[in-house]
Amino acid sequence: MQRCDLTPREHWASRWGFILAAMGSAVGLGNIWRFSYVAGENGGGTFLLVYVLCVLLIGLPIVMAEFTIGRKSQCDVVGAFTSLAPGKPWVVAGIMGVSSAFIILSFYGVIGGWTVKYLVSYLTGSLWSTPENGYDGFFIGFITNAYEPLFWQFVFMALTIGIVFLGVKKGIETANRILMPLLAILLLVLALYSLSLGAAREAISFLFSPDWSALSRPELYLAALGQAFFSLSLGMGALITYSSYLTPKEKLPGAAVGVVSLDTMFAIVAGLVIFPAVFAFGGEPGAGPGLVFITLPDIFQNLAIGVVVGIAFFFLLAAAALSSAMSLLEVAVSYFMRVFGWGRHMTTVVIGGIIFLVGIPSSLGLGVLSNVTIFGKDILDSMDFLASNIFLPLGGMIIALFIGWGWKKSDALESSDFGDTLWGNAWIFILRFVAPVAIGLVFLRAIGLF
Ligand code: PHE
Ligand code: NA
């Protein structure tokens, strides 16, 4: 096993390279596919309110915690803890992090594959007019088929592997530099178009006016917390890994605020793409995971320039998914490169290949293995629940406690670039008390203890 302090480490070419990559990791299927259906299922505005509270109060401080740990340690998720606190139990957060990377990327690759399939279908014309069994028949027929989704999952994983294979600077940084500005522009254009379809008012009130009675739903809080962690790429060391490629001269708090606000804006604007269109054509906001794959194509078909919108939308979705998948793969690759002492190329292909295989049951669980359920959820949904709603918040809690209690306060303040300021002290206070207690309460509420 190699030691990070004795091996030269690759670094981002520039400060913007890091920020764009962290934004690329954050902005993904979580903002568009997952946010819209989870918000739709949990009452829209009420969900958004609790979600934003989770992001600001728990998410942002832990993003800063991950940035601080990564840059300071210059090491992968596991090595970060073993080098900063040798022989201490904090490293469980690192081990959980690598496990979460495997679990999340395994099913993320399945959905990523669907987005590529839809993009290609829009490019080649098979979705230009209503398919034989309607858009829902098309989607259900596709995901329940045993082989076809695996082919697209393979294509998506091959693209992810290809970029990570090229390395931090040449692969990940370059890809994000191209994709992120394109995504931001595309999303804004789509939102303006969607808001012009005549149901802007309905969508805005669905998304921004909370229904207070929905606050009593017990699942709401865990759903919002899990969504916040998933969307911010938080709690599993994706941000530790990316910031471990930083040189000490960057300023961390500004970068953290930038990543968190962009991710949140992306989710809200994605809501403004999806819900006005859904309401304009009488769709159901609580339609579940099929929302963007069934409801939207159905809507696009009614639009004058539906084909162009379809191509733009699924390109956006596929590219956002790809830039997040890279960061998931990089967490595992950076760890196994050190543990096995292998080069980047071999590690990327082997680990990426294994994660592809691990994802196969998630895909088959929607078709041939649909009788396999865990607590009433199919395999993909169970993986998502386990990782997003349990591992990520738990990992985040350990990370918060690690900086709050495992470090000397003056060290933490200095390594974070906060220094001994009001903001710095507030940050430490949140990591020590507020975030761990809040996460704990959400867990207790979810298991029905109050
Ligand atoms: N944040 C990504 C998204 O919103 C998903 C992700 C989770 C990426 C965890 C990396 C780590 O799609
Ligand atoms: Na996100």
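This is a predicted model: local features need pLDDT of at least 70, side-chain atom pairs count only at pLDDT 80 or more; totals for chains, interfaces and linings use all residues.
## The sodium site

The sodium ion (ligand 2) has protein donors that lie 2.1 to 2.5 Å from it. These donors are Ala26 (O), Asn31 (OD1), Ser231 (O), Ser231 (OG) and Asp263 (OD). Along the chain, the donors follow the spacing A-x4-N-x199-S-x31-D. Alanine 26 belongs to helix H1 (residues 15-26) and aspartate 263 to helix H12, so this pair ties together parts that are 237 residues apart in sequence. Both alanine 26 and aspartate 263 are buried.

The geometry of the site can also be described. Six donor atoms surround the sodium ion (ligand 2), and the angles they subtend run from 79 to 169 degrees, which makes the arrangement octahedral. For six octahedral donors, the ideal angles at a metal are 90 or 180 degrees.

## The buried side of helix H9

Helix H9 spans residues 200-208, and its buried residues are Ala200, Ala203, Phe206 and Leu207. Around the axis these residues cover an arc of only 135 degrees, which puts them on the same side of H9. An α-helix has 3.6 residues a turn, so residues three or four places apart point the same way.

## Aromatic rings

A pair of aromatic rings is described by the distance of the centres and the angle of the planes. Across the whole structure, a search finds 35 aromatic pairs. In the pair of tryptophan 405 and phenylalanine 433, the ring centres are 5.5 Å apart and the planes stand at 90 degrees, so the pair is edge-to-face. Tryptophan 405 is found in helix H16 (residues 379-406) and phenylalanine 433 in helix H18 (residues 422-446), so the contact ties together parts that are 28 residues apart in sequence. Phenylalanine 433 has a relative accessible area of 38% and is partly exposed.

Aromatic residues also occur together in a group. One aromatic cluster is formed by Trp114, Tyr118, Tyr122, Phe138, Phe139, Phe293, Phe300, Phe313 and Phe314.

## Arginines over rings

Arginine 432 lies over the face of tryptophan 405, at 5.2 Å from the ring centre. Tryptophan 405 is also a member of the edge-to-face pair with phenylalanine 433. Elsewhere, the charged end of arginine 34 sits over the ring of phenylalanine 230, at 4.8 Å from the centre of that ring.

## Residues in loops

Two residues other than glycine have a positive phi. For phenylalanine 375 the value is near 50 degrees. This phenylalanine lies in the loop between helix H15 (344-364) and H16, and it counts as exposed at 82% relative accessibility. For aspartate 417, phi is positive at about 75 degrees, although the residue is not a glycine. Aspartate 417 is placed in the loop between helix H17 (409-415) and H18, and with a relative accessible area of 24% it is partly exposed.

Serine 126 is located in the loop between helix H5 (92-124) and helix H6 (134-144). Its relative accessibility is 40%, and serine 126 therefore counts as partly exposed. Serine 126 and tyrosine 193 are 67 residues apart in sequence, and their C-alpha atoms are 23 Å apart in space.

How values were computed. Residues are numbered from 1 along each chain as its sequence is written. Chains are lettered from A and ligands numbered from 1 in the order in which they are written. Side-chain values use heavy atoms; hydrogens and water are left out. Buried means under 20% relative accessible area, exposed over 50%, partly exposed in between (1.4 Å probe, protein chains only). Helices (H or I, at least four residues) and strands (E, at least two) are DSSP runs, numbered from the N terminus. The arc is that of the directions from the helix axis to the C-beta atoms. Rings of Phe, Tyr and Trp (its six-membered ring) pair if their centres lie within 6.5 Å; planes under 30 degrees apart count as stacked, over 60 as edge-to-face and the rest as tilted. A charge sits over a ring if NZ of Lys or CZ of Arg is within 6 Å of the ring centre and within 35 degrees of the ring normal. Donors are N, O and S atoms within 2.8 Å of the metal (3.2 Å for Na, K and Ca); water is not among the atoms, so sites may look incomplete. Four donors count as tetrahedral if all angles lie between 85 and 135 degrees; four count as square planar and six as octahedral if opposite donors are over 155 degrees apart and all others between 65 and 115; anything else is irregular.
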